Amino acid sequence: MKHQREILRGVEGYVPGEQPRMANVIKLNTNENPYPPSPKVIEALRKLPAEALRKYPDPLSADFRAACAERYGYPGPEWVIAGNGMDELLALAVRAFVDPGDDILSTYPTYTLYETLALLHGARPVLVDLDENFQLTEAFFNTQARLCFLPRPNAPSGVCPPREAVERLCREFNGIVVIDEAYVDFSDDNCMDFPRRFENAIVMRTFSKSFSLAGMRIGTAAAQPPIINELLKVKDSYNLNVASQAAALAAIRDYDYMLGNVAKVRATRERLAAALRAMGFSVPASQSNFVLAQWSGTPSAAEIFAALRGRAIIVRYFPVRRLENALRISVGTDAETDALLAGLREITGQGLV
Ligand SMILES: Cc1ncc(COP(=O)(O)O)c(C=O)c1O
């Protein structure tokens, strides 16, 4: 139930029945990619024969896992599991490695689903505050639990802890470390080599962001084969449908297309962050496809959020500690970014002559 509420909050602005009036909405609230997926993905979906729809899909997504292992530099598909979105894989990690009553460690703030998954499982979420620069603290390293969720880059700040910090975590933490790399294709570096070096490390990725496939629900986790085996044991038999498997395979094979979109998003991200700073927002250096725009002036961040919404521009506002004076804004196309900045200049009175 709680997760359902999170989902509804996540698509703030989409009140049932209101959709037709929101047709021209600029949607910058759930960090989707503003550019379309690879044409090769569309072609693969169009070419699916009726016969493929009639039969059950491959329960192990073997072709896709083999392609991932090759792309990400693993010895074979037994190092990878495919998920129905990364959210499914996060849930599988809890199901496989956590007992009710155990602790699950993460940071505050962080991706809200971690806490929800812990509570649904009867586990105890332990959220240790990030410092004022959204970096990990000694208190975090000094906390033990059965499993740790670490988003790198962090959501919703977009900030990356250094690789050395994640290395230290894998070395010193007694349980499983899930490194959530949902946004890492937009970052300067990643931790995809960690599963080879640390037997407790799982690196998860999603195809919802950099590959522009949020609607297809595709995620991957990489880890040493014994860990992947445990995850396979607790997944639904046919967790990826035949269309998702075809799309996933075509997408990973057209990797350069994804990198092209990522380069555009990163360029727009830097322009957006610079323009927001010039307006008086404080914006931590983002390694993601969104920025956290912190604002201490008037009108308040909540009022700016509402005023943007009145202009059919939807960003994300979290009315919670440490985020009540901030807006999380996904990086859109250049035109969407211009419209957002124009709206913000009007609402805040900054940059008007
Ligand atoms: C940090 C983080 N992890 C995981 C996910 C889940 O991605 P998916 O769409 O693959 O379920 C998201 C989605 O927004 C996210 O922000």
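Residues are numbered from 1 along each chain as its sequence is written, and side-chain values use heavy atoms, with hydrogens and water left out. Since the model is predicted, local features need pLDDT of at least 70 and side-chain atom pairs count only at pLDDT 80 or more, while totals for chains, interfaces and linings use all residues.

Let's start with strand β8, which covers residues 219-222. Buried means under 20% relative accessible area, exposed means over 50%, and partly exposed is in between, using a 1.4 Å probe and protein chains only.

Who are the neighbours of β8? Two strands pair if DSSP finds at least two bridges between them. Strand β2 (residues 80-83) runs antiparallel to β8, with 4 bridges joining them, and Ala-82 stands opposite Thr-220. Strand β7 (residues 201-206) also pairs with β8 in the antiparallel sense, over 4 bridges. There, Met-204 has Ala-221 as its bridge partner.

Now for the ligand. Its surroundings include Gly-85, Met-86, Asp-87, Tyr-111, Asp-180 and Ala-182, and also among them are Tyr-183, Thr-206, Ser-208, Lys-209 and Arg-217; a residue is near a molecule or strand if one of its heavy atoms lies within 4 Å of it. Sorted by class, this shell has 4 nonpolar, 3 polar and 4 charged residues. For that sorting, Ala, Val, Leu, Ile, Met, Phe, Trp, Tyr, Cys and Pro count as nonpolar, Asp, Glu, Lys and Arg as charged, and the others, Gly among them, as polar.

A ligand nitrogen atom is 2.6 Å from an N or O atom in the side chain of Asp-180. A ligand oxygen atom is 2.6 Å from a polar backbone atom of Met-86, and an oxygen atom of the ligand is also 2.6 Å from an N or O atom in the Ser-208 side chain. On its own the ligand has 400 Å² of accessible area, and the protein covers 91% of that; such areas come from the Shrake-Rupley method with a 1.4 Å probe, and for residues only the protein chains shown count as cover.

Next comes Glu-181, in the loop between β6 (176-180) and α9 (194-197). Glu-181 counts as buried because its relative accessibility is 1%. Leaving out residues up to four places away in sequence, Glu-181 touches Met-86, Arg-152, Asn-190, Cys-191, Met-192, Val-203, Met-204 and Arg-205, where contact means heavy atoms within 4.5 Å.

Most residues other than glycine have a negative phi, and most peptide bonds are trans. A cis bond joins Arg-152 and Pro-153, with omega about 0°, and another cis bond joins Ala-155 and Pro-156, with omega about 10°. Pro-153 lies in the loop between β5 (147-151) and α8 (163-172), and Pro-156 is in the loop between β5 and α8. Ser-61, in the loop between α3 (50-54) and α4 (62-72), has a positive phi of about 45°.

Technical notes:
Helices (H or I, at least four residues) and strands (E, at least two) are DSSP runs, numbered from the N terminus. A polar contact is a pair of N or O atoms within 3.5 Å; within protein, one must be able to donate a hydrogen and the other to accept it, and residues adjacent in sequence count only if both atoms are side-chain atoms.
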